[in-house]
Amino acid sequence: MSRKSTRIKLYVLLALSVLATSLLRGGYETAQAAASPGVRTEVEFDFSLSSDKKSWIPQVTVYKGDFSTGITTTEHDAYLEKAIPYKNDSSPRCSRDRTALVKGQDGYVAYWVSCYSNKVGKTESETYFLYSFDLATKKWGVVAETPGLEITLFPSFGAYATNPPYDSDSYDIEDLNVKTYDLKTKKLLLKTRDVPRADGESLRYIVYQAEKKPSRNVTELDFKLDKQGRKTNLGNFKGLNYSEPINKKIGSLTYTNYDDKKKKEAFFGFYKGKTFTPLDDPGYDSKVEFSPNDKYLFITEYPSNRNKYAHTVDYKTKIVDPKTGKILHVLPMFNNVNYYFLLDWNYGDEIVRVNFFYKNGSTISGYVQLASGIYTQAPDTRQENELTHHFYAYSGSYEGLLSPLTPGALMIDGQPVVYHGQGAFVAENGKWYVGVQDFADRIGGTVMVGAKDLTLKAGEQSVKIALENSVAAFGKRYASVTELAKGLGYATVLYSGGEMGPRTISIYSANFTEEQFLAQHPEAKVMEDEAGYLKMNGVVPEFVAEDASEYHTYANGGLIDFITFKQGKLHSIETEKSLYAIEKGISYYDPQKKVLKAYGTGKKSTVKYRWNYTADMYVYPYKGYQNIQMIMHGNYIGEFVILDEAPSPSSMEPVHT
């Protein structure tokens, strides 16, 4: 099955050491699966502009995420010897990037295929290159540089091909201009007319044979090359999208199609002896895929009478145990998204990626954990396929995990929550969820589960979560981070993260001190220029610009990401990265009416703010703090939290109220 990549920034994801164990939790859960601390490595290549702005320098960024905490480290390395002269402000790299991680004897090597433009006089051409970066030795290398020739990388096979730009008018069956080389030895493996295509750890290619005169017909033969150098003739080429009819035997069951002449319908199912059992429903067409090791069968059913030219379609999914033919789950549309999708089986049998086709860029793909049938969102909108990050290695399995992504790092007053099994993830409803017991362990709380809800109690504070609003998996309960935090009286929940690299959720309570902050951020400096702070003057927010010795404000991230302490205790936080706002669908510079629809009207005040800006501020009182949404020129700018009425610290430490 062919897949198309729309990605400009390409990367490869590598997941390591995810093992399944069981753990007993007294008074809350019985056996619950837990993954050992694994590491996920992500690699991204790009060009960075030199400090003197005279050249573009190839750069690699390596992210390593710890599954036990979600904490991700970031490392950069530059290939100074391959700097490209600076021409303009746009990056010189082309849109046909490809990145892959390949495991060698001494560790992993990252490969980068890209190109840049050359201009000699009035003639402009592209130079393709294939660079390598050894993650262990930190050494760069040049595998190939090919002016005027495109490069295609085959990481699973361990090869690359070079070819001139395609021109249908100049191609002849005798023109064997595509050359395929071994990735390590650079030995020539094939000379073909067309670029080969990956087929697992093999390569497929077409051999054209012209018949003798007078017919001059051409026969296209499909060949396969394996890693041992064996070439196998598979017969006449049947097309790129051709797939053999399914006829798979698993145990005593044979899976295949059956034409019901009475009903005038085709069904997919299995034979046991001479008896056929259909797995799809009347009135539906089915798309069927087995997991890589035949542990699960994934059936997508589309209405037969659908508009086959439409971009959207209603569908349902069945997950089947192929050994028994038993239907394990019948799932509705994932996240209520009715677009067509492709599946990517890059994570073994346990998890499959669902890639939606979409036009407006707003549809978010996700993952299905097949044992449970639970769908989780991927916090990106990019499609993953064999051209982007198809290549993974495991020292264990993904059993006991809902998502293959590094979990978000959940920090409570600067201290990480330790995960036992699945860490923080984005649930199907778009909210970040975390194991309730893991959350309770961090704050010294206790969890009680009833027939319809669960209660987390910490000191004098408690929060009750309806079981229908939680996710149950592996003997654990997961609940919304923001619901837990708000219910326990935490002042704010911040989020930072992108499509790659660290994703951090920071929760702060009234107990958080300046001493704790400086211990965690020793590089932080008190703001001197445009410092100031926001405080409540009765029910009206007021910005105080003059310096006050009892107030210390620190820049803590983005443009309006500030944290202020009064006499050493947390006083206020200003941010454009509130997780509350993100989960309400509010993002920077959204229109005012969208914000008010999500939060309600609130009490409005017009305030002269930092840098002499004037903004409309809408106040929403909560227990112990004031939540303020700031609107400037009719658009959302950020959120403020002021703890002027913070509750007293709990007598239980380290419980936060």
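**Strand pairing and buried positions in the predicted model**

Ser605 lies in strand β48, which spans residues 603-608. The structure described here is a predicted model. With a relative accessible area of 8%, Ser605 counts as buried, because burial is assigned under 20%. Apart from neighbours within four places in sequence, Ser605 is in contact with Val540, Pro541, Ala615, Asp616 and Met617. Three of these contacts, Ala615, Asp616 and Met617, fall within strand β49, which covers residues 614-622. Strands β48 and β49 run antiparallel and are joined by 6 bridges. Within this pair, Lys608 has Thr614 of β49 as its bridge partner. The two strands form a hairpin with 5 residues between them, and Trp611 in the turn has a positive phi of about 60 degrees.

A second hairpin is formed by β12 and β13, with 4 residues between the strands. Here Gly158 takes a positive phi near 85 degrees. Strand β12 (residues 150-154) is antiparallel to β13, and 5 bridges join the two; Thr152 stands opposite Ala161 of β13. Strand β13 also pairs with strand β14 (residues 178-182), again in the antiparallel sense, over 4 bridges. In that pairing, the bridge partner of Ala159 is Asp182 of β14.

Burial extends along β13, which comprises residues 159-163: 5 of the 5 residues are buried, so the strand is largely enclosed by the rest of the structure. In a regular strand, side chains alternate between the two faces of the sheet. In β13, Ala159, Ala161 and Asn163 point one way, while Tyr160 and Thr162 point the other way. Residues of both groups are buried.

An open sheet is built from 4 strands in the order β24-β25-β26-β27, with antiparallel pairing. Strands β24 (284-290) and β27 (326-331) stand at its edges; each has a single partner strand, so one side of each is left without a neighbour in the sheet. From one strand to the next, the twist averages 25 degrees. Asp285 has Tyr302 of β25 as its bridge partner.

Tyr433 is located in strand β35, residues 432-435. This residue is buried, with a relative accessible area of 4%. Its contacts, not counting residues up to four places away in sequence, include Gly423, Ala424, Phe425 and Ala427. Tyr433 also touches Asn469, Ser470 and Val471, as well as Tyr478, Ala479, Ser480 and Val481. The C-alpha atoms of Tyr433 and Ser480 are separated by 4.4 Å, although the two residues are 47 residues apart along the chain. A polar atom of the Tyr433 side chain lies 2.9 Å from the backbone oxygen of Asn469.

The average pLDDT of the protein is 85, and 84% of the residues score at least 70. Over residues 1-35 the pLDDT is below 50; this stretch has 138 contacts in the model beyond near neighbours in sequence. The pLDDT is also below 50 over residues 385-395, where 52 such contacts are present in the model. Where pLDDT is low, the predicted coordinates should not be read in detail.

Terms used. Residues numbered from 1 in each chain as written. Predicted model: local features only at pLDDT ≥ 70, side-chain atom pairs only at ≥ 80, totals over all residues. Heavy atoms only, no water. Buried < 20%, exposed > 50% of the residue type's maximum accessible area, 1.4 Å probe, protein only. Contact = heavy atoms within 4.5 Å. Polar contact = N/O pair within 3.5 Å; in protein donor to acceptor, adjacent residues only side chain to side chain. pLDDT = per-residue confidence, 0-100. Pairing = 2+ DSSP bridges. Axes fitted to C-alpha atoms, helices over the stretch in contact; angles between N-to-C directions.
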